[in-house]
Amino acid sequence: MKKIITYILILLSAIASSCGSSSKNKAVISTKTKSTTKIKKSDYAGNRKIKSIVSFAKSFNGTRYKYGGTTKKGMDCSGLVYTSFKKENIILPRTSRTMATQGKPISLKKVGIGDLLFFKTNKRKNVISHVGLVVETKGTIKFIHASTSRGVIISSLDEKYWNKAFVSARRVVM
């Protein structure tokens, strides 16, 4: 019985610390946003691989959240990114925390379609726990990700929750 309770506690802890989202995840524009700078369309946005990765990720839009999931039956945030890049034979680590060590760090002013955004969503742990894939940069940065409450959705970095949780951006496809 103790093993079962311990297993359940570990599982709940893992779910709470990965791919977190807020049920208050509505389009709220922050007055003190990190992404208010006008973003130019990236020169590399026409890259075939990037288009394929983003298109494949968007095909999961509406898929329910499932911790550890990588299919239409259920998807978590790092699973979405991992699966989308894998389609183009780009193998990334499986967790958002480890993904955050890949590629090249970039400023928000230089973020383009296909770049990765990393977030700290767990208030108790000060580690990267969420990742999203940039799908739009016109006016505001929009990214696709798997939220625990709403599944695979597209959100804006201007939303207060995501803006506050944002940590860094990285470019994997050069």
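Predicted model: local features only at pLDDT ≥ 70, side-chain atom pairs only at ≥ 80, totals over all residues.
View 1. Phi of Asn89 is near 60 degrees, a positive value in a residue other than glycine. At 70% relative accessibility, Asn89 counts as exposed. Here "exposed" means over 50% relative accessible area, "buried" means under 20%, and "partly exposed" is in between (1.4 Å probe, protein chains only). Helices (H or I, at least four residues) and strands (E, at least two) are DSSP runs, numbered from the N terminus.

**View 2. The largest nonpolar core.** A nonpolar core is a set of buried Ala, Val, Leu, Ile, Met, Phe, Trp, Tyr and Cys residues joined through side-chain atoms within 4.5 Å. The largest one has 28 residues, and Val81, Phe85, Leu116 and Leu133 have the most contacts inside it. Two or more residues each come from helix H2 (48-58), helix H3 (77-86), strand S4 (116-119), strand S5 (130-136) and strand S6 (142-147). H3 gives the largest share, five residues. Zoom in on Leu116 and you'll find that it touches, among others, Val81, Phe85, Leu92 and Leu133, not counting residues up to four places away in sequence; contact means heavy atoms within 4.5 Å. There's also a second, separate core of 13 residues, which includes Leu108, Ile141, Leu157 and Ala165.

**View 3. Strand S6 and its partners, S5 and S7.** Two strands pair if DSSP finds at least two bridges between them. S5 and S6 do this in the antiparallel sense over three bridges, with Leu133 facing its bridge partner Ile144 in S6. They form a hairpin with five residues between them, and Gly139 in the turn has a positive phi of about 80 degrees. Next comes strand S7 (residues 151-156), which runs antiparallel to S6 and is joined to it by six bridges. Ala146 stands opposite Val152 in S7, and a hairpin through three residues joins S6 to S7. Five of the six residues of S6 are buried, so this strand is largely enclosed by the rest of the structure.

**View 4. A cluster of rings around Phe143, Trp162 and others.** Rings of Phe, Tyr and Trp (its six-membered ring) pair if their centres lie within 6.5 Å; planes under 30 degrees apart count as stacked, over 60 as edge-to-face and the rest as tilted. The structure holds six aromatic pairs. Phe143 lies in strand S6 and Trp162 in helix H5 (residues 160-165), so their pair ties together parts that are 19 residues apart in sequence. Phe143 is buried at 0% relative accessibility, and Trp162 is buried with a relative accessible area of 0%. Tyr161 also pairs edge-to-face with Trp162, at 4.8 Å centre to centre and 85 degrees between the planes. Tyr161 is partly exposed, with a relative accessible area of 24%. Ring pairs link Phe119, Phe143, Tyr161, Trp162 and Phe166 into a cluster.

How values were computed: Residues numbered from 1 in each chain as written. Heavy atoms only, no water.
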